[in-house]
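Here is a short tour of one model, meant to be read with the viewer open. Please have a look at the fold before reading on.

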Amino acid sequence: MDETLTLFSLQGKRALITGSGRGIGLALARGLAGAGAAIIINDRNERKAAAVAAGLRDEGFDVGIAVFDVTDREQVIAAIGRIEKDIGAIDILVNNAGIQRRAPLESFDERDWNDLLRVNLDGVFQVSQAVARHMLARGRGKIINIGSVQSELARPGIAPYAATKGAIRMLTKGMCAEWARRGIQTNAIAPGYFETDLNRALVDDPAFSEWLCKRTPAGRWGRVEELCGAAVFLASPASDFVNGQTLFVDGGLTSVV
Ligand code: NDP
């Protein structure tokens, strides 16, 4: 392989991707595996994780599973300990698991607010802390947090989600501040609008789709595979001096009014 291309190789690395039973997480898992990484699929449901892993193994990839809910601290610590002991070191962590809740802010349900914070923010803290303790002991690691265009821009109806994703951008910088010197590169990917279950209500709304395609310089929705280039870059030695950044993969949405 060309010397420059080897910088992007994930051969010999192991990546844990949270919430990778479907959607963006599954696409990122497949993308990292395609660049040579062994991957660990995380889902809350053991049967679903096993089925997804079996499918990826059929594609020729090295796949393990880890069943845990990112909001459950005990489950997280136990699962990360098991991976490190029984499967091997986690070199790359992708904090992808996330949820969306939509309602006007003045009537936003408190439980929905709490759920958003629990999954989108507490989950990232908990999994990162558990994994980083092992990475710090080794003096190396890559953490990729999944933000959003809502890390930067608000929209009516999703203010609490935007608050969690704005926090992800700052938590990414905070991880950089604390862990960069100790060998961990932490960055975020901020996707624009991608067709997944999370956006089903928007995908099914022709008026929204029309607005989005006009508003996005690229003129269309994103395809989940289009996030893999950024993920491979941030997971690989090609990004060894990149730290604390948020890379927007949004068809230009956040660059243009
Ligand atoms: P999906 O709803 O398609 O998938 C979300 C994934 O997260 C599922 O696998 C889900 O598991 C998992 N998950 C949810 N809660 C938990 C939990 N408590 N513990 C473990 N896993 C959990 O969403 P997307 O793929 O669209 O989104 C993935 C990430 O990308 C999210 O962080 C989202 O905010 C972000 N994002 C998405 C955009 C888009 O356009 N789609 C745009 C910008 C950011 P289960 O199947 O069990 O529910």
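## Two helices side by side

A crossing is called right-handed if the near helix is turned clockwise from the far one by less than a right angle, and left-handed if the turn is anticlockwise. Keep in mind that this is a predicted model. With that wording in hand, the crossing of H4 and H5 is right-handed. The contact draws on Arg73, Val76, Ile77, Ile80 and Glu84 from H4, and on Phe125, Gln126, Val127, Gln129, Ala130, Val131, His134 and Arg138 from H5. By type, the residues of this contact are seven nonpolar, three polar and three charged.

Two packed helices are described by the angle between their axes and the distance between the axes. Here, helix H4 spans residues 73-87, and its axis comes within 9 Å of the axis of H5, crossing at roughly 30°. Angles under 35 degrees count as roughly parallel, so H4 and H5 are roughly parallel to each other.

## Two residues of H5

Helix H5 covers residues 110-138 and holds Gln126. Is Gln126 buried or exposed? Its relative accessible area is 8%, and because the cut-off for buried is under 20%, Gln126 counts as buried. Beyond its neighbours up to four places away in sequence, Gln126 touches Val70, Thr71, Asp72, Arg73, Val76 and Arg118.

Leu117 also lies in helix H5. With a relative accessibility of 24%, Leu117 counts as partly exposed. Setting aside neighbours within four places in sequence, Leu117 is in contact with Asp122 and Thr164. The C-alpha atoms of Leu117 and Ile99 are separated by 9.4 Å, with the two residues 18 apart along the chain.

## The sheet

Now for the strands. Seven of them form an open sheet with parallel pairing, in the order S3-S2-S1-S4-S5-S6-S7. Strand S3 (63-67) and strand S7 (246-249) are the edge strands, each pairing on one side only. Neighbouring strands of this sheet are turned by 20° against each other on average, direction ignored.

Which strands does H5 lie across? They are strand S1 (14-17), strand S4 (92-95), strand S5 (141-146) and strand S6 (184-191), and H5 runs at about 175° to S4. Helix H3 (residues 46-58) lies across S2 and S3, running at about 170° to S3.

Conventions. Residues numbered from 1 in each chain as written. Predicted model: local features only at pLDDT ≥ 70, side-chain atom pairs only at ≥ 80, totals over all residues. Heavy atoms only, no water. Helix = DSSP H or I, 4+ residues; strand = E, 2+ residues; numbered from the N terminus. Buried < 20%, exposed > 50% of the residue type's maximum accessible area, 1.4 Å probe, protein only. Contact = heavy atoms within 4.5 Å. Axes fitted to C-alpha atoms, helices over the stretch in contact; angles between N-to-C directions. Parallel < 35°, antiparallel > 145°, perpendicular 65-115°, else oblique. Nonpolar A, V, L, I, M, F, W, Y, C, P; charged D, E, K, R; others polar. Pairing = 2+ DSSP bridges.
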